[in-house]
Amino acid sequence: MSNEAITSLMKETRRFEPPAEFAARARIGSREAYDALYRESLDDPDTFWRREAKDLVLRTPWTKTVEGDFPHVKWFLGATLNVSESCLDRHMSTPTRNKAAIVWEGEHGETRTLTYAQLYRETVLFADALAKLGVEKGDRVAIYMGMVPEVVVAMLACARLGAVHTVIFGGFAADAIRDRVQDCQAKFVITQDGGYRRGHVLELKATVDKALAQPQAASVQKVVVFCHLGREKCPVTMHEGRDVWWHHVVDPNGHARREATIVDAEHPLFILYTSGSTGKPKGVLHTTAGYLVGTHVTTKYGFDLRDDDVYWCTADVGWVTGHSYIVYGPLSNGATCLLYEGAPNFPDWGRFWRLIEKHGVTILYTAPTAIRAFMRQGDEWPKKSDLSSLRLLGSVGEPINPEAWIWYHKNIGGERCPIVDTWWQTETGSILMTTLPGAASSKPGSTGLPMFGVVADVVTKDGASVGANRGGMLVLRRPWPSMLRTVWGDDERFRKQYFSDVEGCYFTGDGARRDEDGYFWVVGRIDDVLNVAGHRIGTAEIESTLVSHPSVAEAAAVGRPDDLKGQALVVFVSLRPGASAGPELATTLANHVGQEIGKFARPDQIRFADALPKTRSGKIMRRLLKDVAAGRETTGDTSTLEDLSVLAKLRSDEE
Ligand code: WT7
């Protein structure tokens with residue numbers, strides 16, 4: 001976020017009351033109703049969670065709600081279940097059976113609809129096929145697909161077998177796939193020939209081939225390939241003995257009879273890799289019952305979900321937002337979800353708004369970076385479409401600056417739709433703070449109040465609350481059902497990363513303040529994690545990628561405020577002897593990052609430096625580099641800087 005945006009966040013005083021007609025019909029229609037439920041969730045969690053989980057399918061109920069404390073917590077002990085039964089089987093005996101579960105639209109405008117009965121059938125058939133290929137309970141299955149209904153089928157089919165999926169966002173490069181497959185020792189990969197993005201074909205299968213050609217990916221035994229584009233548009237090479245076509249292993253006329261594998265509450269459901277402040281991406285592990293309950297309840301109340309809603313979360317399933325709010329939360333609630341394959345601006349900036357009109361979308365959940373991009377294109381685009389079906393808007397991924405909030409409210413919400421600003425993380429599994437629609441007034445830029453069971457606080461390093469309107473570290477004081485259970489294969493990192501900064505608390509990595517009404521205002525990451533256009537990028541990851549290039553001696557990555565992307569990625573590099581700085585090398589290095597991680601992680605700017613500013617103990621002073629990147633005067637303390645001339649040199653390079 002730009003400084004200006006942060007300042008305006010600090011000064012924002014506007015309030016928007018929930019529209020009376022919305023509140024009158026809302027599941028939680030007043031602040032008092034929220035307060036009462038919230039209190040109950042803390043004082044009597046057992047009663048609260050048992051009631052709220054009553055629609056979910058538990059083969060045996062839990063005997064104990066929660067056990068243990070940070071870092072190792074177990075929820076809903078004794079419960080046995082399979083999440084696919086809550087998302088699919090339970091709807092087979094109700095009218096939801098014939099309701100649309102997924103309404104899909106391809107980038108070129110073609111559509112497909114799967115009812116709950118069809119989604120159930122597809123999932124059961126595919127689960128059966130996977131089982132016959134050898135997928136067993138506990139196996140890790142990597143999924144590298146685009147936004148097609150089959151990605152949902154693949155996830156649910158893994159869940160049905162008690163296999164642990166790890167979805168890898170389709171924008172990741174081969175090396176990123178290799179690293180993830182290696183880290184979790186995936187036995188299977190599910191992919192598709194290719195997908196569309198802005199009119200171009202993304203060759204997903206070919207990228208998987210590249211990843212699996214490397215010895216580190218030797219754990220993979222089979223690759224299942226869904227044919228989406230076909231031979232003409234996207235030819236693929238099938239590796240004899242390893243690769244099988246989805247449509248060869250699934251018999252469309254088969255009997256859908258694969259029983260769900262019933263697992264314990266704490267059985268692993270999925271691993272999702274995310275960037276941290278150190279090292280390689282970490283595999284965030286979510287387990288079964290707590291995650292399901294968390295996403296189920298927050299979808300229902302957070303979006304005030306009703307039976308006739310057409311709900312659209314624009315995230316990619318490769319991110320946690322897609323897992324929780326395209327798949328598990330909405331489907332366990334029996335919602336109709338729109339799934340769109342392509343880019344927001346294809347073929348033009350009116351696409352989202354035409355999708356809303358065409359499918360009668362009632363709830364739109366998207367990210368500030370997208371809202372800002374639309375805002376920049378002008379008000380004409382949304383005006384061309386009839387957006388009157390919308391009744392609720394959501395925002396997620398980064399702080400929303402009040403200007404974007406107001407634009408969203410006016411131009412998309414027609415000033416009648418509440419906006420829910422939802423704060424959460426890959427690690428939290430589900431929304432932990434929000435401006436509950438119908439219950440509380442919204443303040444543009446504030447992420448509102450804690451969700452049920454959540455105790456959030458803003459503290460100093462020693463854990464003391466800072467009090468109203470003071471900045472500090474955002475922490476969670478109590479375990480919540482959908483929290484991550486560990487970092488796959490590295491429990492030590494799990495403890496260190498989240499529980500070592502503030503005694504007795506989970507530290508989110510975010511900075512925040514709480515206002516006089518108890519509303520939280522998240523400012524952004526205060527650790528070495530960047531948020532570039534809603535993508536989470538670890539500076540350490542970028543740096544180690546750059547240093548792996550033969551021309552680079554040292555690298556430091558920092559964020560620079562950017563009006564569109566929130567943060568832009570700026571890297572400072574010093575070169576090895578013999579390498580020569582210049583635009584050519586800058587492009588080479590940017591491409592190198594694109595190839596190693598993915599295009600979305602390509603630096604926005606590369607700056608060459610003779611040396612990087614360091615403390616006397618040899619630590620790179622990122623704080624100073626941030627100032628340099630932003631073109632700001634350094635206000636921070638430079639007394640520990642080893643060599644002041646380094647800083648002066650960096651600045652003069654700018655001129
Ligand atoms: C980080 C988590 C889980 C959603 C997708 C991102 C930032 C997320 C908000 C919000 C302010 C937000 C935080 C958080 N963030 N939502 N509503 N207001 N900041 O998941 O990639 O794990 O990133 O996104 O900085 O720590 P993620």
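1. Leucine 546 is found in helix 18, which covers residues 539-547. The structure is a predicted model, and the values below should be read with that in mind.

2. Is leucine 546 buried or exposed? Its relative accessibility is 0%, so leucine 546 counts as buried, given that the word applies to residues under 20% relative accessible area.

3. Which residues does leucine 546 touch, once its neighbours within four places in sequence are left aside? Leucine 546 is in contact with Val552, Ala555, Val571, Val573, Leu589, His592 and Val593. Glutamate 150, by comparison, is 396 residues from leucine 546 in sequence, and the two C-alpha atoms are 36 Å apart in space.

4. Turning to the ligand, there are 18 residues around it, of which Asp421, Thr422, Thr426, Asp510 and Arg536 come nearest. By class, this shell consists of six nonpolar, seven polar and five charged residues.

5. Helix 12 (320-332), strand 20 (419-423) and strand 27 (520-525) each supply at least two residues of the shell, and strand 20 gives the most, with three residues.

6. For aspartate 421, an N or O atom of the side chain is 2.7 Å from a nitrogen atom of the ligand. An oxygen atom of the ligand lies 2.9 Å from a polar side-chain atom of glutamine 425, and a polar side-chain atom of arginine 536 lies 2.7 Å from an oxygen atom of the ligand. Taken alone, the ligand exposes 550 Å², and the protein buries 94% of that area.

Key
Residues are numbered from 1 along each chain as its sequence is written. This is a predicted model: local features need pLDDT of at least 70, side-chain atom pairs count only at pLDDT 80 or more; totals for chains, interfaces and linings use all residues. Side-chain values use heavy atoms; hydrogens and water are left out. A residue is near a molecule or strand if one of its heavy atoms lies within 4 Å of it. A polar contact is a pair of N or O atoms within 3.5 Å; within protein, one must be able to donate a hydrogen and the other to accept it, and residues adjacent in sequence count only if both atoms are side-chain atoms. Accessible areas come from the Shrake-Rupley method with a 1.4 Å probe; for residues, only the protein chains shown count as cover. Helices (H or I, at least four residues) and strands (E, at least two) are DSSP runs, numbered from the N terminus. Ala, Val, Leu, Ile, Met, Phe, Trp, Tyr, Cys and Pro count as nonpolar, Asp, Glu, Lys and Arg as charged, and the others, Gly among them, as polar. Buried means under 20% relative accessible area, exposed over 50%, partly exposed in between (1.4 Å probe, protein chains only). Contact means heavy atoms within 4.5 Å.
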